[in-house]
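Keep the structure open as you read.

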Amino acid sequence: MSKFDFDLFVLGAGSGGVRAARIAATYGARVGICEDSRVGGTCVIRGCVPKKLLVYASHFAEDFEDAHGFGWDVGTLRFNWPDLIRAKDREIDRLNQVYLSLLADSGVTLYPQRGSFIDPHRLQVGDETISAERILIATGGRPWVPDIPGIEHVITSDEAFDLPVLPQRVAIIGGGFIACEFAGIFNGLGSEVFHLYRGDAVLRGFDHDVRRVVGAEMQKKGVQLMLETVVEGIRKTEQGLELSLRDGGTLEVDQVMYATGRVPNVRGLKLADIGLNVRPGGRVVVNELSQTNLDHIYAVGDVTSRVNLTPVAIHEGHAFADTVYGGVRRPVNHEFVPSAVFSQPPVGTVGFSEEDARIHHGTIDVYRSEFTPMKNTLSGRDEKTLMKLIVDHESQKVIGIHIVGGDAPEIVQGFAIAVKSGLTKDRFDCTIGIHPTAAEELVTMRSPVQG
């Protein structure tokens, strides 16, 4: 009989932790898991799922405008923020129950408390002490905000989904994908949006053409993009919140949302006390099998800061369970992971940006097309679509695809298989496109714009 309470105990019941727990249990392991919030993690409860629902809601304003060009008269428009939030909450409640059922049906024991280490094999979970042969850290990430005067007055993406009223004027601080997505959400729902970022273009780390097009299109839609702007303090006034800017100016709004990045959620876990290797900022260091420097402790998902995407966490969790309990060694390959930004317009991307491709591959061929999508010929909307291919010159393998425009994430999901499989440009060229679609542009570009 085992001297441990569990064969595996998982800290954190988000997407990665739940997948790992379930799969390990199907292999016969005795599994426990703890979570001090709702089961489902950032993505399901306060991340990609509710965000995508709000993106859908915010896009109707443009859809109603575009309808006129196609002969429709949609009449008087009215939007109700509380109705949207209640509908969103019902869906999140449903998904939370799905995750609870998945754990229960798999025989995983759930503890609705936060856990922390007592020693390498023992955990304090609520009022209980629990021992486990192996432990998986899957506590995800949390929003980071700077330490400036008045920061207590701001919200992050965690709180944005539950605001009692839609702010008339909102400042969004940050230039990453979360900031761009919420700028589009609030703008589409009728708020006056000021998007402040210290850099010279939004979406740092993305291809430069993607950054250029997204920034330009956001401004066309009414987002007031304030680049190279730094907030040094926030003051509450009778009229709202006043931001003090580094250039000496001020900005008055009703709500301030910070989207300045996320950090591993390791507070209170007492990882240093057991000698776990953790980098500055909280990143848990693991190998290709998600194993830490303590052989029986593993970590998956955003807490490792490898590729912070929900499908990656799920993949890592499944691979961990297969490796440790299924007898199938499955190292995780993080190359060519597709991703999306549900900005307006949206972004879909996989592989190297042009800048990174030149560093890692040397000589490359770049194919690029910017055009007015067919829908906009009748709607009259001034919005461009960007399609871009990055090709390694020597091997002719397609090593990067970048799209800005309608359905970009849906398009890239399919093309990501081609990039992951190492297909060459001639394979794209000999594939017949579907006409009339925007996606066909990816198989019809013949002349590189630059080498």
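Start with helix H3, where Val49, Pro50, Leu53, Leu54 and Ala57 meet Trp81, Leu84, Lys88, Glu91, Ile92 and Leu95 of H4. Contact here means heavy atoms within 4.5 Å. Helices are DSSP runs of H or I with at least four residues, strands are E runs of at least two, and both are numbered from the N terminus. By class, this contact between H3 and H4 has 9 nonpolar, no polar and 2 charged residues. For the classes, Ala, Val, Leu, Ile, Met, Phe, Trp, Tyr, Cys and Pro are nonpolar, Asp, Glu, Lys and Arg are charged, and the others, Gly among them, are polar.

Before going on, a word on the ground rules. This is a predicted model, with local features needing pLDDT of at least 70 and side-chain atom pairs counting only at pLDDT 80 or more, while totals for chains, interfaces and linings use all residues. Residues are numbered from 1 along each chain as its sequence is written, and side-chain values use heavy atoms, with hydrogens and water left out.

Two packed helices are described by the angle between their axes and the distance between the axes. The axes of H3 and H4 (residues 81–105) come within 10 Å and cross at roughly 145°. Axes here are lines fitted to C-alpha atoms, for helices over the stretch in contact, with angles running from 0 to 180 degrees between N-to-C directions. H3 passes H4 in a right-handed crossing; a crossing is right-handed if the near helix is turned clockwise from the far one by less than a right angle, and left-handed if anticlockwise.

H3 (residues 48–67) also packs with H6 (residues 177–189), their axes coming within 7 Å and crossing at roughly 40°. That makes H3 oblique to H6. On this scale, angles under 35 degrees are roughly parallel, over 145 roughly antiparallel, 65 to 115 roughly perpendicular, and the rest oblique. The crossing of H3 with H6 is left-handed. Lys51, Leu54, Val55, Ala57, Ser58 and Ala61 on the H3 side meet Glu181, Gly184, Ile185, Gly188 and Leu189 in H6. That contact has 6 nonpolar, 3 polar and 2 charged residues.

Now hop over to H1 (residues 15–26) and H8 (residues 310–325), whose axes come within 7 Å and cross at roughly 25°. These two helices are therefore roughly parallel to each other. H1 passes H8 in a right-handed crossing. Among the contacting residues are Ser15, Gly16 and Arg19 of H1, and Thr310, Ala313 and Ile314 of H8.

What about the backbone? Most residues other than glycine have a negative phi, and most peptide bonds are trans. Phenylalanine 336, in the loop between H8 and E17, has a positive phi near 55°. A cis peptide bond joins glutamine 344 and proline 345, with omega about 5°, and proline 345 sits in the loop between strands E17 (339–341) and E18 (347–351). Another cis peptide bond joins histidine 435 and proline 436, with omega about -5°; proline 436 lies in the segment after H12.

Finish at the second largest pocket, where 13 lining residues include Phe415, Thr431, Ile432, Ala439 and Val443, which lie nearest its centre. H11 (408–420) and H12 (425–429) each supply at least two residues of that lining, and the lining divides into 8 nonpolar, 3 polar and 2 charged. A pocket, on a 1 Å grid over the protein atoms alone, is an open set of points where a 1.4 Å probe fits, with protein on both sides within 12 Å along at least five of seven lines, and lining residues have an atom within 4 Å of a point.
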